[in-house]
Amino acid sequence: VHVTVEKYVLFTDVVESVRLFDIDADATSQAINDLLKHLNSGSFADLHKIEKVSGDGLILTTLTADHAVQIALEIGQRLSTARLGSGGQSISVTSAITSGAFIVGDYDVYGSPINLAARLAGSGLPGEILLTDNVRRNLSAAYDQRLEDCGDRYFRNVADPVRVHALRKNNDQTLPLMIPDGALRPLIAVLPFRQLGGGNSDYPLGEAFADAILAVDPSAAQAL
C-alpha cells in the first residue's frame with residue numbers, strides 16, 4: 001500500500017558513525033536506542049511519526065515546522081550527552097527539515113522532500129539544523145532571532161537552487177565555526193587559458209593577482 005501525505009520531514013544523520021562504532025559500538029547503539037525510546041514516549045510521542053530508521057540515520061515527520069525544530073533540537077541535545085570510549089567522545093548529528101508531499105510505502109518513504117532532506121543534512125556541519133525556505137516561513141516568531149540565511153545552495157539531481165537557513169544554537173550570534181580560522185585561506189588560483197583582451201598585455205596583471213592569492217600559503221597552494 002502506498003499513501004501520499006504532505007508533512008514536514010526531519011532527516012537526522014549521525015556524524016562519522018563508522019568511527020563512533022569503532023570507538024564503542026555498544027555505547028553508540030545504546031545511545032541511539034535510548035533516543036528512539038525517548039522520542040516515542042512522553043510529550044514528544046504525539047508530535048511526530050518515525051518513518052524510517054537506518055543504522056545512523058533517522059527520518060521522521062511532523063504536522064508543523066515548530067514541532068520538527070523542537071525534535072531536531074532534542075535529538076542533538078540527547079545524543080550530545082552520550083560519552084563513548086575512554087576518551088569520552090560525544091555524538092554529533094546534522095539535521096535538515098524540508099516540507100512537501102511524499103509517498104509512504106510498506107517499507108520505505110519516497111519523494112522530493114525526503115531526497116532533499118537527506119542531501120541538505122549531508123551538506124551541514126556537525127550540530128547544524130538546516131531548513132528550507134518554506135519551513136523557515138512557517139516557523140513561529142519565537143525562532144526569528146536564531147535563524148541565519150545561508151543563501152542559495154545547489155544539490156545533485158535538484159534542478160533549482162534551494163534557499164537554506166540555519167538554526168543557531170543557544171541564541172548565539174553566529175553558528176560555531178567548525179574550521180580553524182587559519183584554515184580559511186585560498187588554496188587554488190585559476191588563470192584563464194586565453195587572454196580575454198586578445199593579447200599578452202593582461203598576462204602580467206593576472207600573474208600578479210595569482211601571486212597575491214597564492215602567497216597566503218605557498219606550501220599548500222596550487223596554480224592551475
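Colleague: What should I know about the model before we start?
Modeller: The model is predicted, so local features need pLDDT of at least 70 and side-chain atom pairs count only at pLDDT 80 or more, while totals for chains, interfaces and linings use all residues. Residues are numbered from 1 along each chain as its sequence is written, and side-chain values use heavy atoms, with hydrogens and water left out.

Colleague: How many residues has the largest nonpolar core?
Modeller: The largest nonpolar core has 32 residues, and Ile-71, Ile-75, Ile-91, Ile-97 and Leu-131 have the most contacts inside it. A nonpolar core is a set of buried Ala, Val, Leu, Ile, Met, Phe, Trp, Tyr and Cys residues joined through side-chain atoms within 4.5 Å. Buried means under 20% relative accessible area, with a 1.4 Å probe and protein chains only.

Colleague: Which element gives the most to this core?
Modeller: α2 does, with 7 residues. Helices are DSSP runs of H or I with at least four residues, strands are runs of E with at least two, and both are numbered from the N terminus.

Colleague: Which residues of α2 are buried?
Modeller: Among them are Val-69, Ile-71, Ile-75 and Leu-79, and also Asp-66 and Glu-74.

Colleague: Now the hairpin. How do β2 and β3 pair?
Modeller: Strand β2 (residues 49–54) and β3 are antiparallel, over 5 bridges; pairing takes at least two DSSP bridges between the strands. Ser-54 has Gly-57 in β3 as its bridge partner. The hairpin has 2 residues between the strands, and Gly-55 takes a positive phi near 65°.

Colleague: What volume has the largest cavity?
Modeller: About 80 Å³, counted as the space filled by probe spheres set on grid points joined across faces, edges and corners. On a 1 Å grid over the protein atoms alone, a cavity is a set of points where a 1.4 Å probe fits but cannot get out, and lining residues have an atom within 4 Å of a point.

Colleague: Which residues line that cavity?
Modeller: The lining of the largest cavity includes Thr-12, Ile-32, Gly-55, Gly-57 and Leu-79. α1 gives the most to this lining, with 3 residues.

Technical notes. Buried means under 20% relative accessible area, exposed over 50%, partly exposed in between (1.4 Å probe, protein chains only). On a 1 Å grid over the protein atoms alone, a cavity is a set of points where a 1.4 Å probe fits but cannot get out, and a pocket is an open set with protein on both sides within 12 Å along at least five of seven lines; lining residues have an atom within 4 Å of a point.
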